[in-house]
Amino acid sequence: MKRTILTLAFVTFAASAPSQAATGDKIFERLDADKSGDISYEEFVGEIRSRLEKADKDGDGKLTVEEISATFKGPKANQRAKGLVARFDPDKDGTITLADVETKRKERFAQLDANKDGKLVMEEMTVRASAKGDRPKSATQ
């Protein structure tokens, strides 16, 4: 799984492959919740935080492959959930927590925030992602 998938794993399920610029614009617009023209860290993690909290059906604070898989659509839901857990599970116990995901998201936000002002603008998201060879997707990584 690419690094950007969690950024958008719970968010982007496009059947067709739109252009990278169009995809980046849509993601940016969706993440810019207050429509200020930039994305704060809270906006960057807000959507994934909400989805992960909803996925935690038993309320134990840990997400299993089964809980995550239930949030995906399609025949590869379980495979995608396993990849997500493998990527974000620091103690390798087969579960992830919101804290695990937010730690990784904080690292990614810092990588994208080229001028270190605590906000992402469109150029930082598209240029930095392209420089790493990542396709702009949604921010749920």
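Colleague: In what order do the elements of the protein run from the N terminus on?
Modeller: In this predicted model, the elements run α-α-β-α-β-α-α-β-α-β-α. That comes from seven helices and four strands. Helices (H or I, at least four residues) and strands (E, at least two) are DSSP runs, numbered from the N terminus.

Colleague: What is the mean pLDDT of the protein?
Modeller: The mean pLDDT is 78, and 74% of the residues reach 70 or more. pLDDT is the predictor's confidence in each residue, from 0 to 100. Since the model is predicted, local features need pLDDT of at least 70 and side-chain atom pairs count only at pLDDT 80 or more, while totals for chains, interfaces and linings use all residues. Residues are numbered from 1 along each chain as its sequence is written, and side-chain values use heavy atoms, with hydrogens and water left out.

Colleague: Where does pLDDT stay under 50?
Modeller: Residues 1-20 stay under 50, and the model has 66 contacts for them beyond four places in sequence. A contact means heavy atoms within 4.5 Å. Over residues 133-141 the pLDDT is below 50 as well, and that stretch has 51 contacts beyond near neighbours in sequence. Where pLDDT is low, the predicted coordinates should not be read in detail.

Colleague: Okay, new topic. How many salt bridges are there in the whole structure?
Modeller: A search finds six. A salt bridge is a side-chain nitrogen of Lys or Arg within 4 Å of a carboxyl oxygen of Asp or Glu. One of them pairs Arg30 with Glu47, with the closest N and O atoms 3.1 Å apart. Arg30 sits in helix H2 (residues 20-31) and Glu47 in helix H3 (residues 41-55), 17 residues apart, so this pair links distant parts of the chain.

Colleague: Is Arg30 buried, exposed or partly exposed, then? Which one?
Modeller: Arg30 is partly exposed, at 35% relative accessibility. Buried means under 20% relative accessible area, exposed over 50%, and partly exposed in between (1.4 Å probe, protein chains only).

Colleague: Which other residue forms a salt bridge with Glu47?
Modeller: Arg51 does, and their closest N and O atoms are 3.9 Å apart. Glu47 and Arg51 are four residues apart in helix H3, which means about one helical turn separates them. Arg51 is partly exposed too, with a relative accessible area of 33%.

Colleague: And what about Arg49, which residue does Arg49 pair with?
Modeller: Arg49 pairs with Glu102, the closest N and O atoms being 2.5 Å apart. Glu102 is in helix H6 (residues 98-112) and Arg49 in helix H3, 53 residues apart, and the pair links distant parts of the chain. As for a network, salt bridges that share partners join Arg30, Glu47 and Arg51 into one.

Colleague: Let's switch to H5. Which residues of H5 are buried?
Modeller: They are Ala77, Ala81, Leu84, Val85 and Phe88. Seen down the axis of H5, they fall within an arc of 95 degrees, so they line one face of the helix. The arc is that of the directions from the helix axis to the C-beta atoms.

Colleague: Last one: is Ile48 buried or exposed?
Modeller: Ile48, found in helix H3, is buried, with a relative accessible area of 1%. Ile48 and Leu98 are 50 residues apart in sequence and 9.0 Å apart in space, C-alpha to C-alpha. Across the whole protein, buried residues make up 40% of the 141 residues.
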